[in-house]
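Dear colleague,

I am passing a structure on to you, and below it you will find my notes on what turned up in it. Please keep the model open while you read, so that you can look up each place as it is mentioned.

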Amino acid sequence: MNTNFRLAKEEDLKTLAQVYIEAYNSIDIGETWDVSSALELMKYMFEDQSDLFFVLEVDGKAVGAIVASVRPWWDGNHLIEGELFIHPSYQHLGLGKKLIKQLFTEAQEKYGVVTWDTYTHRVHEHPLKWYQKLGFEEIENWVMITGDVKKVLENLKDA
């Protein structure tokens, strides 16, 4: 298996969108991606931080990627949010670790980043346990929340 990491190009986005669909629709976490939504996400991430958007190729075929944005913070630059995804046929081969190493090395050299603030699901033991093995920690006293805009506006109608 010959692996290669390179920066994403605009012409990669359709292929990466399909890989993203395969990666996330293959697990039941309450998300259902289609070509349109996945392609919009790829375009957004590419336009936001293309210099930290790395494609994983195996034998010349794009099978995954990693990307995150840089934001200044009180203790230095942070990588924020981002995505790490690998086609299911190529998972559990150590490639995710290599993608994180590629992103962190480049982001540290280029932007002096000190941490990556991101989200993962708890629906399955993996990937949270995998991230914890790498040294990620859950943040005490912090929780990710989401709000349905229509519902929130309805609750604010008398405000």
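Let me begin with helix H3, which has 17 residues and reaches 24 Å from its first C-alpha to its last, close to the 24 Å expected at 1.5 Å a residue. Please bear in mind throughout that this is a predicted model. Which residues of H3 are buried? They are Leu95, Gly96, Leu99, Ile100, Leu103 and Ala107. When you look down the axis of H3, these buried residues fall within an arc of 140°, so they line one face of the helix. On the other side of H3 you will find Lys101, Gln108 and Glu109, which are exposed. After H3 comes glycine 112, whose phi is positive, with a value near 65°.

Helix H2 can be read in a similar way. This helix covers residues 35-49, and its 15 residues should span 21 Å at 1.5 Å a residue, which agrees with the 21 Å that separates its end C-alpha atoms. The buried residues in H2 are Ala38, Leu39, Leu41, Met42, Met45, Phe46 and Gln49. They cover an arc of only 155° around the axis, which puts them on the same side of H2. Tyr44 and Glu47, by contrast, are exposed on the other side of H2.

The protein chain has 159 residues, of which 36% count as buried. If you take the contacts between residues at least 6 apart in sequence, 62% of them join residues at least 24 apart. The accessible surface of the chain comes to about 10600 Å², and 50% of this belongs to carbon and sulfur atoms.

Aspartate 59, which lies in the loop between E2 and E3, has a phi near 50°, a positive value in a residue other than glycine. Is aspartate 59 buried or exposed? Its relative accessible area is 57%, and since the cut-off for exposed is over 50%, aspartate 59 is exposed. Histidine 92 sits in the loop between E4 and H3, and its phi, near 65°, is likewise a positive value in a residue other than glycine. With a relative accessibility of 69%, histidine 92 counts as exposed.

Valine 149 counts as exposed because its relative accessibility is 59%. Together with Val152, Leu153 and Leu156, Val149 forms a nonpolar patch on the surface, and the accessible area of these residues together is about 370 Å².

Definitions and conventions
Residues numbered from 1 in each chain as written. Predicted model: local features only at pLDDT ≥ 70, side-chain atom pairs only at ≥ 80, totals over all residues. Heavy atoms only, no water. Patch = residues over 30% accessible without salt bridge, like charges linked within 9 Å, V, L, I, M, F, W, Y side chains within 5 Å. Areas by Shrake-Rupley, 256 points an atom, 1.4 Å probe, with all protein chains shown as cover. Salt bridge = Lys/Arg side-chain N within 4 Å of Asp/Glu carboxyl O. Buried < 20%, exposed > 50% of the residue type's maximum accessible area, 1.4 Å probe, protein only. Helix = DSSP H or I, 4+ residues; strand = E, 2+ residues; numbered from the N terminus. Expected span 1.5 Å × (residues − 1). Arc of directions from axis to C-beta. Contact = heavy atoms within 4.5 Å.
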